[in-house]
Structures are given as C-alpha cells and as structure tokens.
Amino acid sequence: MGGRAGFFEKDPILDGSLDAPSATVCTFLWKRSFRPRANCKAAVQAIFSVEILDWETKKQLCFLDKVEPNATIREIRLMFHKLYPRWYPARQSIKLDPKGKSLRDEEILQHLPVGTTATLYFKDLGPQIGWTTVFLIEYTGPLFIYFLFYFRMTFVYGLDERFTSSPHPVVNLACICHSFHYIKRLIETVFVHRFSRGTMPLRNIVKNCLYYWGFAAWLAYYINHPLYTPPSYGKKQINFAVIMFLLCEAGNFSIHVALSDLRRNGSKTRKIPYPTKNPFTWLFFFVSCPNYTYEDKVILINREINANAVTRNILNFLGQNRWGPGSVSLS
C-alpha cells in the first residue's frame with residue numbers, strides 16, 4: 001500500500017491470512033499506531049516566588065508569592081512599593097547581588113539567572129528628584145542671578161551713583177547673550193530633552209546648583225563691575241565673539257535634537273549617536289558628547305572674562321572626566 005500502510009506489505013486483515021481474534025488485535029494496534037494524537041495540554045508555566053532582602057543586613061523585607069514569570073523588574077518594584085509606600089519605585093535599587101549593578105526596569109524575571117524562588121536585594125537610593133525639575137532649577141538660577149549684577153543692586157557694588165549703570169554697550173550685549181543661552185536651555189528642557197533615567201538623588205541638587213549658580217555670579221560680578229573696561233580690540237573683537245557665540249548655540253541645539261531623536265516613542269535604550277546631514281553634528285566623528293564641546297566656548301570680550309572662562313573650562317573638564325564614562329556607557 002502507498003503512503004503509511006502500516007507494518008505489512010499487504011493488509012493482513014483484508015488478505016485473510018489472520019484469524020478473527022488476531023485480526024482484531026492487529027486492527028487495534030494499527031489504529032493506535034497511526035491515530036492522530038490529540039493536542040497535549042499546554043505545559044504549566046512555572047510560577048515564581050521573589051524574596052527581597054536588605055542589601056546590607058540581609059534581612060528579609062518581603063516575600064512575593066505567585067509572581068508571573070514574565071513579570072518585569074518595574075512590576076516587582078510596584079509590588080514592593082505597595083508593601084512599603086515610603087519607598088516609591090524611583091527610590092528603589094533592585095539587584096541580584098548586594099554589590100552588583102541595579103537591574104533595569106525592562107528586565108524580565110524568567111530571563112534572570114535565578115530559580116523559581118528568586119532572591120533579590122533592595123537598596124534605598126534616598127529621596128529622588130526628576131531630571132526635568134533638576135534642569136529647570138539649574139538653569140533658572142543663573143538667569144535671575146545675573147540680573148542682580150546687571151542692574152547693579154546696591155548690596156552688590158555699593159550706593160555710589162556712578163555704580164548704578166554701565167556706559168559700555170558691550171555689557172548690555174553680554175547680558176542678552178547670557179539670557180539667551182539659559183532661556184534656550186529652559187525651552188530645550190521642556191520640549192527637547194528625553195532622559196534615560198527619570199530621577200537623580202535629591203542631595204545632588206545642591207552640588208549641581210552650586211556649579212551653575214556660582215559661576216553665573218562670578219562671571220556676572222566682573223562683567224557688570226563699575227570698573228569694567230571694554231574689549232581691547234573694540235568692535236572687531238565684539239563682532240567676532242557674537243558670531244562664535246551664535247554658531248556655538250546653534251551647534252549645541254543641533255546636538256541636543258540629534259540626541260533626543262535617538263529616544264523617540266518613549267524609548268530609554270541608549271544608542272550610539274552618529275553624524276547627520278546637519279554640519280553641526282559632524283563633531284560626533286571626534287567626540288561622543290559634542291554638546292559640551294559647544295558649551296565650552298570662550299567669548300573673548302575682555303581679558304577678565306577670558307580668565308574666568310578658562311578657569312570654568314578647566315573645572316568643566318574635571319567634572320565631565322568623572323561623569324563622562326557613565327554617560328556614554330550603553331550597558
């Protein structure tokens with residue numbers, strides 16, 4: 001017989017070579033051998049249990065029973081938050097090892113190197129503040145601090161009438177450029193920036209503000225000082241400085257837009273940026289964060305400002321040398 005004819009060249013039942021009882025048994029076996037098997041019930045998915053311990057004391061904080069295997073770390077954070085309301089998800093660091101890295105929100109429980117009873121470690125990151133709020137605070141401060149010196153408040157330079165206004169137009173231009181930069185940064189914070197991490201520790205806001213606010217006051221003090229003298233090379237130096245300022249501001253904005261485009265549709269995945277058709281993005285060929293290259297510009301308005309700018313650039317380098325490796329990491 002063609003196809004699946006059984007174990008015989010000829011059907012022994014139809015051929016009559018077997019007696020009735022044997023034929024009955026053979027027919028049963030033949031049907032059993034080639035009967036389509038019914039679909040087996042889907043394998044029962046393993047249900048996980050999650051034990052969360054304190055990362056320092058190893059004391060058990062909670063035991064989550066009947067956790068779905070496809071549960072994400074974010075979902076586990078929310079379960080933990082229900083038991084401990086004071087530890088909201090952004091304040092939690094969940095780890096596989098007490099001294100290891102924090103697990104990402106999108107990681108799935110069943111893909112982690114754990115058994116059906118998973119042991120995770122919790123670390124309190126302390127009070128958190130959103131990055132958008134951080135940037136708004138950092139950039140609003142310099143904007144208003146500068147005006148205290150620009151309008152020469154009496155508690156800054158004294159009560160002498162000669163100190164109430166500046167006779168040099170370049171001082172007004174410097175105020176316009178400074179204000180433009182920080183207004184641009186505030187607008188970018190609201191409409192352009194996308195953050196891979198939602199928050200930072202609240203305690204860091206003092207350090208961040210001290211940098212931005214402190215340098216704004218330092219620069220404003222000398223630029224708006226009553227003894228300020230205009231640039232040595234006059235209008236040529238001023239015009240060159242304004243052109244360089246506008247080019248750097250355009251470059252800084254272009255890089256921020258290019259970085260923002262890497263995280264469209266709410267993605268938090270870190271990607272490698274590449275140059276686009278925009279010439280301002282071609283610095284990606286040489287450095288990983290050219291937005292800071294554009295920000296570290298030196299506006300040569302006068303010798304005093306130049307000295308302060310150089311000092312600020314040195315501190316910029318020291319701070320970014322410590323921050324940079326973590327920022328460009330894709331892990």
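The legends below describe close-up views of a predicted model.

In this predicted model, local features need pLDDT of at least 70 and side-chain atom pairs count only at pLDDT 80 or more, whereas totals for chains, interfaces and linings use all residues. Residues are numbered from 1 along each chain as its sequence is written, and side-chain values use heavy atoms, with hydrogens and water left out.

**View 1. Packing of helix α6 with helix α8.** Helix α6 (residues 169–191) and helix α8 (residues 234–261) pack at an angle of about 0°, their axes lying 11 Å apart. That makes α6 roughly parallel to α8, a term for angles under 35 degrees. Axes are lines fitted to C-alpha atoms, for helices over the stretch in contact, and angles run from 0 to 180 degrees between N-to-C directions; helices are DSSP runs (H or I, at least four residues), numbered from the N terminus. Among the α6 residues that meet α8 are Val170, Leu173 and Phe180, and the α8 residues include Ile238, Val242 and Phe245, where contact means heavy atoms within 4.5 Å.

**View 2. Edge-to-face aromatic pairs.** A search of the whole structure finds 22 aromatic pairs, counted for rings of Phe, Tyr and Trp (its six-membered ring) with centres within 6.5 Å. The ring centres of tyrosine 150 and phenylalanine 151 are 5.1 Å apart and the planes stand at 70°, so this pair is edge-to-face, a class for planes over 60 degrees apart. Tyrosine 150 is partly exposed at a relative accessible area of 23%, whereas phenylalanine 151 is exposed at 51%; buried means under 20%, exposed over 50% and partly exposed in between (1.4 Å probe, protein chains only). The rings of phenylalanine 280 and tyrosine 294 also form an edge-to-face pair, with centres 6.3 Å apart and planes at 70°. This pair links distant parts of the chain, since phenylalanine 280 lies in the loop between α8 and α9 (290–295) and tyrosine 294 in helix α9, 14 residues apart. Phenylalanine 280 is partly exposed at 26% relative accessible area, while tyrosine 294, at 11%, counts as buried.

**View 3. Charges over tryptophan rings.** Arginine 86 lies over the face of tryptophan 87, at 4.1 Å from the ring centre, and lysine 95 lies over the face of tryptophan 55, at 5.4 Å. The criterion is NZ of Lys or CZ of Arg within 6 Å of the ring centre and within 35 degrees of the ring normal.

**View 4. Surroundings of isoleucine 137.** Isoleucine 137 lies in helix α4 (residues 131–150) and, at 31% relative accessibility, counts as partly exposed. Leaving aside residues up to four places away in sequence, isoleucine 137 touches Ile129, Ile205, Cys209 and Trp213.

Conventions: Helix = DSSP H or I, 4+ residues; strand = E, 2+ residues; numbered from the N terminus. Parallel < 35°, antiparallel > 145°, perpendicular 65-115°, else oblique. Phe/Tyr/Trp six-rings, centres within 6.5 Å; stacked < 30°, edge-to-face > 60°.
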